[in-house]
Each structure stands twice: as structure tokens, then as C-alpha cells.
Amino acid sequence: MQEINNIIILTGAGISQESGIDTFRSEGGLWEQHKVEDVATPEGFARDPDLVLRFYDMRREAIQKAQPNDAHIALARLEQGLKAQDKSLLIVTQNVDDLHERGGADNVLHMHGQHLTAWCTACDGRPEWRGTLIERPACPLCGEAGHLRPDVVWFGEMPYEMERIYAALSIADLFVSIGTSGAVYPAAGFVREARGQGIKTMELNLEPSQGSHFFDEARYGKASEIVPAWVDEILGN
Ligand code: APR
């Protein structure tokens, strides 16, 4: 088996599903409860800011009640295990929850933003935020009121950290996709980027994603079961 030194993992809502956080496109998921264009676009925010602020206030509260599951904890164990062997793991997550961090992972990039920071459109600051935004509070950095929005990347906006992600892909020797439907770009295109660079690719998901045919290897099942088993294999436990 090829020597593995640098792993890059892309995660999606499926890795947090067993922590009780709704996914987007599964049965009864968030996009069946709310129209994307109403709560996940700049136009929707301009049209009805209260609807959008309440939507994210609800999710911010739910996330703080959720706990990391065995999949999040296993990835943190993988990060420590690789570090002990002078190898590396980067977790690129599409999720806006902090369950990777609370599960013990350090090297995490939130390409779609984070629920627990707000974005002040007056000073462009991103203060940590655990409360609600519906009451239009003042920004703790600049003092301006009414300019704080969720620090979440909406459709039509540029994901964060893309240069760092492509730089990590250029030195990786394994790309693993966990708990994502492969429905949204640019994340859904990372597997093709990896293949184009001759990087081994693997999918761990409940069911085949929209990009499943691009992966060299795939394992299907619940993340809390298949991710710890895979981590044990990689660490040789
Ligand atoms: N274990 C493993 N996989 C699971 C589990 C589970 N317990 N539960 C669901 N899944 C899988 C589903 O089969 C699906 O393929 O996780 C995937 C979730 O897909 P989506 O709901 O589309 O979520 P995601 O891929 O993260 O969406 C990407 O779309 O709306 C935007 O910004 C939003 O970041 C999000 C992006």
C-alpha cells in the first residue's frame, strides 16, 4: 500500500447527523423545511432579514446543545496519531458547527463559515457569537449596531480559505470525503482535483454521493461506525 503522509479530509453535514444536527438534502432535511433562496442567499437576507436571522439563531442554539459523535472524535485521534508520526491531517469542513473542534481536532478549515462567529458588515470583523442576532446587537469590535450577520457562506458567495485548500491538495497523498452529498461546488469538485494530481481518493458516506464514481474506494454506513474503523486501519491499531 502506498505510504500515506498527508491526508486531507472533506466533511459535510452527514458527519454531524448522528449528533442530532439536521443535514440539508436527506429526508426531512433543512432544505425541505426552508427554501434555500429564502435563508441561504444574500438576496433572501435583503428581502427578509428577520426570517434569515431567526433561522440562524435557531441553528446556532441547536449546535451548542449538540455533542461531537464517535466520527468527530475518531478524526481527532487520527490527527494526533499522524502528528506523532510526523505526518499531517487537514480537515476541510463544509459544516458551520464546531463539533470537529469539540471532538479534539485542531487543524480544521471552515470553508462555508461558522455558526459561532458573526460577521460585522460595518467593520468586516468576525467576533465570536453564541447568542442571537435578531435583536440587531452592537458589534463588540466597532460598536455599530444592526450590522452583524451570520458568518455563513451563502449561495453566490465565495467560500473561505480556497487557496489554503488547493495548496493542501497539492501535497496530499490521500483525499477522503466523509458525510457529503457532493451536490455543492467547489467542495464537490475536490475529488476531481485530487484525481487529477494522482492522489488516492476514498468516500465514507451513508450512501453513494453524486460524485461516488470519482472515488477509488468507498465504504458506506453510519459515520459513527465506519469512520472509527477506518481510522483504526490507518493508524494500524
Ligand atoms: N453517516 C454518514 N453519512 C450520512 C449520515 C450518517 N449518519 N447521515 C447522512 N449522511 C450523508 C447523506 O447520505 C448525504 O450524502 O451525508 C450527506 C449529507 O448531504 P447534504 O445534506 O447535501 O449535506 P452537505 O453535503 O454537507 O451539503 C453541502 O450544501 O446547502 C449547502 O452550505 C450547505 O455545506 C452545505 C452544502
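Reply: Start with contacts. This is a predicted model. Of the contacts in the protein between residues at least 6 apart in sequence, 64% link residues at least 24 apart.

Me: What counts as a contact here?

Reply: Heavy atoms within 4.5 Å.

Me: How do you know that the radius of gyration agrees with a compact globule?

Reply: Set the value against the rule. The rule is 2.2 Å times the number of residues to the power 0.38. For 237 residues that puts a compact globule near 18 Å; the protein has 18 Å, so the two agree. The C-alpha trace spans about 55 × 35 × 35 Å along its principal axes.

Me: What share of the residues is called buried, and by what cut-off?

Reply: The cut-off is under 20% relative accessible area. By that test, 51% of the 237 residues are buried.

Me: Which residues of helix α7 pass that test?

Reply: Met162, Ile165, Ala168 and Leu169 are buried in α7, residues 162-171.

Me: Why are they said to line one face of the helix?

Reply: Look down the axis of α7. The buried residues fall within an arc of 125°, so they line one face. An α-helix has 3.6 residues a turn, so residues three or four places apart point the same way.

Me: What is on the other side of α7, and what covers the buried residues?

Reply: Glu163 and Ile171 are exposed on the other side; exposed means over 50%. The cover of the buried residues includes β1 (6-11), β2 (88-93), β3 (108-110), β6 (174-178) and α8 (190-196).

Key:
Residues numbered from 1 in each chain as written. Predicted model: local features only at pLDDT ≥ 70, side-chain atom pairs only at ≥ 80, totals over all residues. Heavy atoms only, no water. Buried < 20%, exposed > 50% of the residue type's maximum accessible area, 1.4 Å probe, protein only. Helix = DSSP H or I, 4+ residues; strand = E, 2+ residues; numbered from the N terminus. Arc of directions from axis to C-beta.
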